[in-house]
Amino acid sequence: MRKRHAALDALQRDPYPLYARARRTPGLTYVPTLDAWLVSRDADIREVLLRPQDFSSAQALRPDVRPAPAALAVLGGGFAPRPTVVSTDGPAHRRHRAPLNSGLSAARVAALTPYVTHQAETLAEAFADTITAHGHADLMAHYARVLPGAVIGRLLGLDPADVPAAVHGSYSAERLLFRPLPEDEQITAAQDVLALQHLLDRYARDRRDRPRDDLVTALVTALAPDSGLGPGPRGLTEDQRCELVANLQNLLIAGHLTTTALIGTTVLHLLRHRDQWELLCDRPELIPAAVEEAARYDSAVQGFRRTTTRPVTLAGTELPAGAVLFLAYGSANRDPARHRDPDTFDITRPPPRPRHLAFGHGPHGCPGSRLARVQLHATLGALTRLLPDLRPLDDRPAPMRPTLIHRSPEELLLTR
């Protein structure tokens, strides 16, 4: 088990050499470390994403590690897991997705944009002050983990005082299911997850009684509609509460961890390619292109799993029913068959058609991609204006978080 965890750690910190070998290898490549067939080429991944009847999302977020019995016992005192928008197909997926499409519509995001811009400016100014006071600062701790939490909290309708606990619980959930931890740390993480679930349940029950114009209310209305059959308790059933907590937790995690990761990798690669950073400072109109290039070059969500529902053939490889695939978006975004000079970071790159796979494709394309882009645009606008002389503290490679779900620097120490 230790050898597998060590191999998984190494793969997650730098998966790109494996991706390159897999793309050059005919057919699919089975990767024991992932316990899955690696789908590495852009065309093959798009085919899978457009055939949900053959490639199910039911195990899309299957954990990389199984928590210890003591941690599972803690989780057992919380809300039973339920399928979410990420792990459903067909009508069930459309039911879970509908309130997200509405809550993350272009109009909704446009209405939220002034708040995002203000928060980005305020945080960037505070980040600059921290560098002035201490000589350097960690972008991840002081900015990248703060802005997306505030934004998703605002969208959901959370009290700002509850946002830090919600963010902390989200990271604990990720660590518990995707990192090998000592048992005592697993128990602590499970307790954090339990606290997060109870927090979200409190909001769901409150919105049933006092609906507001927020995404928690939208999910309650869509997933647990009031029957309206006359007098009687209007509360939520236990099953409804479990489903709402599962979907709110998924939305919260997807809504800020992914954007946090993308902020980190975007700034990292711009500063490591100094000519690109200076070009962006001189030409802020390139910010949208820089966001797309950064998302392509080092995708925050490296991929998701799919499971075959029947015997199928993909890329010449015969797969039985129940075969697990890992769709490597990060590999597709470096596929030379789709992108010219894919290992070159170039913010002047013409936009590819079709677009890169950093935000997925097809029925499961990320419903929050528009909001993520707004946060990246605001971030780069603020940082290039306030800190054009921003640079890494030293030349050492930034350590990457060992995960394929939210790939980002562990920390990003910057100075000026």
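Student: Is aspartate 206 buried or exposed?

Tutor: Aspartate 206 is buried, at a relative accessible area of 17%. Buried stands for under 20% relative accessible area, exposed for over 50% and partly exposed for in between, with a 1.4 Å probe and protein chains only. This is a predicted model, in which local features need pLDDT of at least 70 and side-chain atom pairs count only at pLDDT 80 or more, while totals for chains, interfaces and linings use all residues. Residues are numbered from 1 along each chain as its sequence is written, and side-chain values use heavy atoms, with hydrogens and water left out.

Student: Which helix is aspartate 206 in, and which side chain does it join in a polar contact?

Tutor: Aspartate 206 is in helix H10. Its side chain and that of arginine 210 are joined by a polar contact of 2.6 Å. A polar contact is a pair of N or O atoms within 3.5 Å; within protein, one must be able to donate a hydrogen and the other to accept it, and residues adjacent in sequence count only if both atoms are side-chain atoms. Helices (H or I, at least four residues) and strands (E, at least two) are DSSP runs numbered from the N terminus.

Student: At what angle do H9 and H10 pack?

Tutor: Helix H9 (residues 163-178) packs with H10 at about 135°, and their axes are 8 Å apart. Axes are lines fitted to C-alpha atoms, for helices over the stretch in contact, and angles run from 0 to 180 degrees between N-to-C directions. That angle makes H9 oblique to H10: under 35 degrees counts as roughly parallel, over 145 as roughly antiparallel, 65 to 115 as roughly perpendicular and the rest as oblique.

Student: Which residues of H9 and H10 meet?

Tutor: From H9 they are Ala166, His168, Gly169, Ser170, Ser172, Ala173, Arg175 and Leu176, and from H10 Glu185, Gln186, Ala189, Ala190, Asp192, Val193, Leu196 and Leu199. Contact means heavy atoms within 4.5 Å. The residues of this contact divide into 8 nonpolar, 5 polar and 3 charged. Ala, Val, Leu, Ile, Met, Phe, Trp, Tyr, Cys and Pro count as nonpolar, Asp, Glu, Lys and Arg as charged, and the others, Gly among them, as polar.

Student: And H9 with H12, what angle there?

Tutor: H9 and H12 pack at about 90°, with axes 10 Å apart. They are therefore roughly perpendicular to each other. Ala166, Val167, Ser170, Tyr171, Ala173 and Glu174 of H9 meet Gln249, Leu252, Ile253, His256, Leu257 and Thr260 of H12. By type, the residues of the contact are 7 nonpolar, 4 polar and 1 charged.

Student: What about H6 and H8, how do their axes cross?

Tutor: The axes of helix H6 (residues 106-134) and helix H8 (residues 147-156) come within 10 Å and cross at roughly 155°. That makes H6 roughly antiparallel to H8. H6 contributes Leu112, Tyr115, Val116, Gln119, Ala120 and Leu123 to the contact, and H8 contributes Leu147, Ala150, Val151, Arg154 and Leu155. These residues divide into 9 nonpolar, 1 polar and 1 charged.

Student: Switching to H11, which residues are buried there?

Tutor: In helix H11 (residues 215-223) they are Leu215, Val216, Thr217, Leu219, Val220 and Leu223. They pack against helix H5 (90-103), H8, helix H10 (183-209) and helix H12 (238-272). At the start of H11, a side-chain oxygen of aspartate 214 comes within 3.4 Å of the backbone nitrogen of valine 216.

Student: What does histidine 96 touch?

Tutor: Leaving out residues up to four places away in sequence, histidine 96 touches Pro83, Thr84, Val85, Thr88, Leu223, Glu243 and Asn247. Histidine 96 lies in helix H5 and is buried, with a relative accessible area of 4%. A polar atom of its side chain lies 3.0 Å from the backbone oxygen of alanine 92.

Student: Last one: where is histidine 339?

Tutor: Histidine 339 is in the loop between helix H15 (329-332) and helix H16 (369-386). Histidine 339 is buried, at 3% relative accessible area. Neighbours within four places in sequence aside, histidine 339 is in contact with Arg296, Ala332, Asn333, Pro352 and His356.
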